[in-house]
Amino acid sequence: QVQLVESGGGLVQAGASLRLSCAASERTFRRSVMGWFRQAPGKEREFVAAINWRSDGAYYADSVKARFTFSRDDAKNTVYLQMNSLKPEDTAVYYCAAGWSLATTPRHYDTWGQGTQVTVSS
């Protein structure tokens with residue numbers, strides 16, 4: 001029943017790196033677009049990154065550009081978010097999502113994982 005499962009979160013110090021994983025069902029992995037969103041306590045869910053696998057088009061939020069990288073492993077039906085130079089403001093629950101068009105709003109994605117917590121201390 002679970003189509004997306006995130007893992008790889010944790011507690012790290014500022015400047016450290018983490019790699020988040022999102023394991024997908026084969027059906028979900030065939031979706032054109034996958035994205036990462038995050039939500040901090042008391043804040044709305046915000047866009048982090050998304051890729052259209054058919055066109056290789058990619059978009060990163062300005063706050064993470066040059067620090068985060070989206071990739072995938074077809075053999076494992078898994079996508080990854082490599083996060084470098086982490087900052088305290090990156091602290092949030094990170095969610096993997098799947099959709100059909102590259103977009104920055106949650107409403108454009110209809111399949112979501114349960115989230116993984118990332119905490120960055122100063």
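A search of the whole structure finds 7 aromatic pairs (Phe, Tyr and Trp rings, the six-membered one for Trp, with centres within 6.5 Å; planes under 30 degrees apart are stacked, over 60 edge-to-face, the rest tilted). The model is predicted, local features need pLDDT of at least 70, side-chain atom pairs count only at pLDDT 80 or more, and totals for chains, interfaces and linings use all residues. Residues are numbered from 1 along each chain as its sequence is written, and side-chain values use heavy atoms, without hydrogens and water.

**Exercise 1.** Classify the pair of Phe37 and Trp112.

*Solution.* The ring centres are 5.1 Å apart and the planes stand at 55°, so the pair is tilted. Phe37 belongs to strand β4 and Trp112 to strand β10 (residues 109-112), so the pair ties together parts 75 residues apart in sequence (strands are DSSP runs of E, at least two residues, numbered from the N terminus). Phe37 is buried, at 0% relative accessibility, whereas Trp112 is partly exposed at 26% (buried is under 20% relative accessible area, exposed over 50%, partly exposed in between, with a 1.4 Å probe and protein chains only).

**Exercise 2.** Describe how strand β11 (residues 116-121) is placed.

*Solution.* Strand β2 (residues 10-13) pairs with β11 in the parallel sense over 4 bridges (pairing requires at least two DSSP bridges). Within this region, Leu11 stands opposite Thr119. Strand β9 (residues 92-99) runs antiparallel to β11, joined by 3 bridges, and Tyr94 has Thr116 as its bridge partner. Finally, Thr116, Val118 and Val120 form the covered face of β11, while Gln117, Thr119 and Ser121 form the uncovered one.
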